[in-house]
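Here are my notes on the model, point by point. Please read them with the structure open.

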Amino acid sequence: LKMSKVIKGGTVVTADLTYKADVKIEDGKIVEIGPDLSGDEILDAAGCYVMPGGIDPHTHLEMPFMGTHSSDDFYAGTRAALAGGTTMVVDFALPDPGESLLDAVKKWDNKSARACCDYSFHMAITWWGEQVFNEMKIITEEKGINTFKHFMAYKGSLMVNDDEMFASFKRCAELGATPLVHAENGDLVAEMTAKLLAEGNTGPEGHAYSRPPQVEGEATNRAIMIADMAGAPLYVVHTSCEESHEAIRRAKLAGKRVWGEPLIQHLVLDESEYFNEDWDHAARRVMSPPFRNKKHQDSLWAGLASGTLSCVATDHCAFTTEQKRYGVGDFSKIPNGTGGLEDRMPVLWTYGVETGRITMNEFVAVTSTNIAKILNCYPQKGAILVGADADIVVMDPSMGKTITAEAQASSIDYNVFEGIEVSALPRFVLSRGYVAVENGELKAKEGHGEFVARDPNATVNTALSKWKELTAPRPVVRAGIPATGV
Ligand code: DUC
Ligand code: ZN
Ligand code: ZN
Ligand code: ZN
């Protein structure tokens, strides 16, 4: 006899429906949805919303970066995820320049063995050559990775140039993969940084001065046009400003498959954080892109409501205060990154749903369902449907808390959302049927997480015709010799 569980008495909320129903789970999958279900174990969801578990499409766990490693590894990071109702994370396998993509996957396989929730990988393209071209096929067809990330910033380390991006985007289109971009103009950032430092502007606020919205808007627009020529769709990570959002809106209206991903940090925190007199306070909030002003925040919220922006992520890349202090006297040496995995769902609920900026169904769409579709793992993930994985968050709007670093699962010594009150928290979180949060108590299990393989995406190949059209042989209209001579 199988052990079954029933989530009882709650309101099911999906990206398109809200209705009262019980949800029955066996062998890690949803087996029945309906009224008055019975089972071996009952999880009382009275007064709660039963939603697909969150998917964070953008994390950097134990990432080698800026002379150090991000502090939350797959164990600490996925515990934090589960504590906040996120049941799947997508991290970036990052080859060193010259390194085999397959070796990078092996490294990330090893790191992720400790994961407490399910996970997948994007593959970063940090260099270009025949080997990368060839290995992209193996990565897509045999390793279950159909997304490739390109850094347009971090000149001298992770950055790729336009010709490399163009080659990689064309390869993505051929393979049914989706390119991702970190869109900031790396050349301009490098120049701005050098000028600021030369003028003695060495504090954390210099980081924000060096990366204004223009560098993001320019790079976003450039990546969109390159993707369009390559016949590939495009996913723009951490869209933080109106300039970038505007380029994405324009592309969508022109019929291009382009998606934008605001971070919970950019939706809620603003640039005034960098002008705090406490160096540590400001440095802890240094990330790329930097926090923006209220005008940009309003733009991002409007994008979520209208559907021009698709997914809310964290870019979780946590560094301790000690690591942040590598940048004392030179902001360009402050490791870039902030945490957020544990807080994304409750904070978005509080600032989005509670305020009426987005509906509950839109909340589910932008925290889970939309990205599951883009990544091609829907409805295994991102759905409350019979046959789907039982990755479920039972949100309780009668639970609340003040966010503190002291109570967090993340391993770092501060929290950028410190002091913020959230108005809903998970009563239960299920990871493929395993109860990882029970009545608010975290019971994450090391190594429970499994890799989610994602097949090539059929929607990508439909775009290939564009590249074929652009490269079709052109008519020779006239021979190159003038009739009368010159
Ligand atoms: N931005 C960050 O802030 N950290 C990690 C990488 C990135 O692009
Ligand atoms: Zn290392
Ligand atoms: Zn980035
Ligand atoms: Zn990132």
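1. Two strands pair if DSSP finds at least two bridges between them. Strands (E, at least two residues) and helices (H or I, at least four) are DSSP runs, numbered from the N terminus. This is a predicted model: local features need pLDDT of at least 70, side-chain atom pairs count only at pLDDT 80 or more, and totals for chains, interfaces and linings use all residues. Residues are numbered from 1 along each chain as its sequence is written, while chains are lettered from A and ligands numbered from 1 in the order in which they are written.

2. Seven strands make an open sheet with mixed pairing, in the order β3-β2-β7-β17-β20-β21-β22. β3 (18–20) and β22 (441–442) are at the edges with a single partner strand each, so one side of each has no neighbour in the sheet.

3. Within that sheet, β20 (residues 425–431) and β21 (residues 434–438) pair antiparallel over four bridges. Serine 431 sits opposite tyrosine 434 of β21.

4. Lysine 149 lies in strand β13 (residues 147–151). An unreviewed UniProt entry lists Lys149 as "modified residue: N6-carboxylysine"; such annotations may be inferred rather than shown by experiment. Lysine 149 is buried, because 24 other C-beta atoms lie within 10 Å (buried is 20 or more, exposed 12 or fewer, partly exposed in between, with C-beta atoms placed from the backbone).

5. Helices α7 (residues 213–230) and α8 (residues 242–253) pack at about 20°, axes 7 Å apart. That makes α7 roughly parallel to α8 (angles under 35 degrees count as roughly parallel).

Methods. Axes fitted to C-alpha atoms, helices over the stretch in contact; angles between N-to-C directions. Parallel < 35°, antiparallel > 145°, perpendicular 65-115°, else oblique.
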